[in-house]
Amino acid sequence: MVTRHDDLTTVLRDPETYSSARALPVVLPVAEEALAVVAKGRPQLPDVVQSDGEAHARMRAPLAAALRPDRVAAMEPALRERAVALAAAVREGGGRAELMTAYAIPLTQAAIGLLCGFDEELAVRTYSLMDSLVRLGSQRQTEPEQMASAEAGAELAAVVARLLRERRAAPGDDAFSLVAASMAEGDRPLTPLEEAEAVGNLMQLVIAGQVTTAPLLGGAVALLLGERGGEEWRRIAADRSLVPAAVEELVRLVAPASGLYRETTRPVTLGGVDLPEGPGWCCATTRPAATRRSTTGRTSWTSAAARTGTSPSAGGRTTASAPRWPGCSSPSPWRCCRTRCPACGSPRRSRCAPPWTYATPRRCMSPGEAGGGNDRGLE
Ligand code: HEM
């Protein structure tokens with residue numbers, strides 16, 4: 001587990017040593033049949049998240065183009081209108097609603113729909129498929145549930161492939177069209193390998209854009225309402241100049257993607273800790289307790305005061321450590337919120353991640369398990 005700012009920077013700036021090749025580990029056991037279903041009909045190629053160097057840059061370019069600031073800014077009026085309409089519907093319904101289904105998820109669907117050129121029906125359908133798919137291997141599921149998630153993944157891939165072909169033949173001004181055009185000169189149909197690569201990257205876009213933002217919206221509201229009896233919520237409602245600072249802090253505190261996975265391509269020493277070659281290093285980019293920044297003169301975390309200083313985790317004594325389940329003989333460093341170690345059955349000594357991070361891989365957070373000494377980021 002790597003938490004200190006300087007060490008994270010070292011890891012993220014050195015993909016030759018800290019590779020993304022296995023950046024999306026399957027954290028929980030998944031039945032072979034389900035894995036076969038999710039992969040059916042298309043070659044499994046490294047995608048933008050699971051690649052480094054030139055391949056990563058090539059696959060990232062059309063996605064970055066789709067997310068250029070001017071394009072995102074052009075989406076803002078429509079999304080603002082949608083947000084206002086969703087909030088108005090809650091008000092008209094008596095002011096009580098299930099926040100995720102009434103607000104966070106429809107707003108997220110609208111954003112990805114605009115970005116990718118989906119109509120409303122397709123935006124709802126693709127959200128539902130990706131929501132089912134991301135549970136595979138990251139949430140405890142029965143085998144029938146795993147199969148249902150795998151079928152959803154296969155269907156999502158099929159929908160994405162169909163749209164990709166359509167946009168290749170008749171481009172619009174959306175992310176799918178940009179990716180379709182980037183795969184080859186001219187307008188010839190893509191080869192199966194080109195199509196498989198594009199489908200993988202577009203699935204990552206559809207997933208990454210929603211698996212993060214919907215939980216973030218829900219978690220942010222829960223945090224604002226829960227903090228000191230809703231005082232933070234009332235302060236922001238009364239003084240809108242606090243909104244930008246609050247948004248920035250909420251992204252940090254609610255942390256929808258609180259960690260990345262990297263594998264070391266050679267033995268290396270990081271923050272004074274020797275890491276062997278191999279997969280399994282979790283880089284905790286943010287955690288509520290670890291990353292709340294020190295500020296100058298602020299009175300609360302929604303303060304508009306200029307924030308200076310660095311995360312307390314930057315001062316942590318040990319920055320990189322290798323968590324091991326006590327007494328576990330398994331070489332696997334992956335952990336989950338089970339009552340027993342999945343490999344050796346020894347009793348659980350970890351705490352679960354807060355519910356709003358359900359979409360990220362669950363991880364062991366017990367300081368007692370950190371083999372290389374305590375780490376403040378794990379407290
Ligand atoms: C608060 C919201 C978000 C957070 C915290 C977040 C976080 C991240 C992180 C940490 C990565 C790097 C993963 C790795 O290197 O292993 C990543 C990659 C990516 N994200 Fe997001 N993301 C967010 C929202 C979005 C949205 C809204 C989109 C698209 C609409 C998006 C699209 C992508 C894509 C395409 C990648 C892969 C490209 C790359 O690795 O350079 N993300 N995101």
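Me: In which loop is the place of Pro-267?
Reply: This is a predicted model, in which local features need pLDDT of at least 70 and side-chain atom pairs count only at pLDDT 80 or more, while totals for chains, interfaces and linings use all residues. Residues are numbered from 1 along each chain as its sequence is written. Helices (H or I, at least four residues) and strands (E, at least two) are DSSP runs, numbered from the N terminus. Pro-267 lies in the loop between β2 (259–264) and β3 (268–270).

Me: Does Pro-267 count as buried or exposed?
Reply: A residue is buried if 20 or more other C-beta atoms, placed from the backbone, lie within 10 Å of its own, exposed if 12 or fewer, and partly exposed in between. Pro-267 has 11 C-beta neighbours inside 10 Å, and therefore counts as exposed.

Me: Which residues does Pro-267 touch, not counting those up to four places away in sequence?
Reply: Two residues are in contact if their C-beta atoms, placed from the backbone, lie within 7 Å. With residues up to four places away in sequence left out, Pro-267 touches Asp-274, Leu-275, Pro-276 and Glu-277.

Me: What is the separation of the C-alpha atoms of Val-26 and Gly-137?
Reply: Val-26 is in the loop between β1 (18–19) and α2 (32–38). Val-26 and Gly-137 are 111 residues apart along the chain, and their C-alpha atoms are separated by 5.0 Å.

Me: How are α6 and α9 oriented to each other?
Reply: Axes are lines fitted to C-alpha atoms, for helices over the stretch in contact, and angles run from 0 to 180 degrees between N-to-C directions. Helix α6 (residues 120–133) and α9 pack with their axes 10 Å apart, at an angle of about 85°. Angles under 35 degrees count as roughly parallel, over 145 as roughly antiparallel, 65 to 115 as roughly perpendicular and the rest as oblique. The two helices, α6 and α9, are therefore roughly perpendicular.

Me: Which residues come nearest to the ligand?
Reply: A residue is near a molecule if its C-beta atom, placed from the backbone, lies within 6 Å of it. The shell around the ligand has 18 residues, and those that come nearest are Ala-208, Gly-209, Thr-212, Ala-257 and Leu-260.

Me: What pLDDT does the protein chain average?
Reply: pLDDT is the predictor's confidence in each residue, from 0 to 100. Of the residues, 75% score at least 70, and the chain averages a pLDDT of 79.
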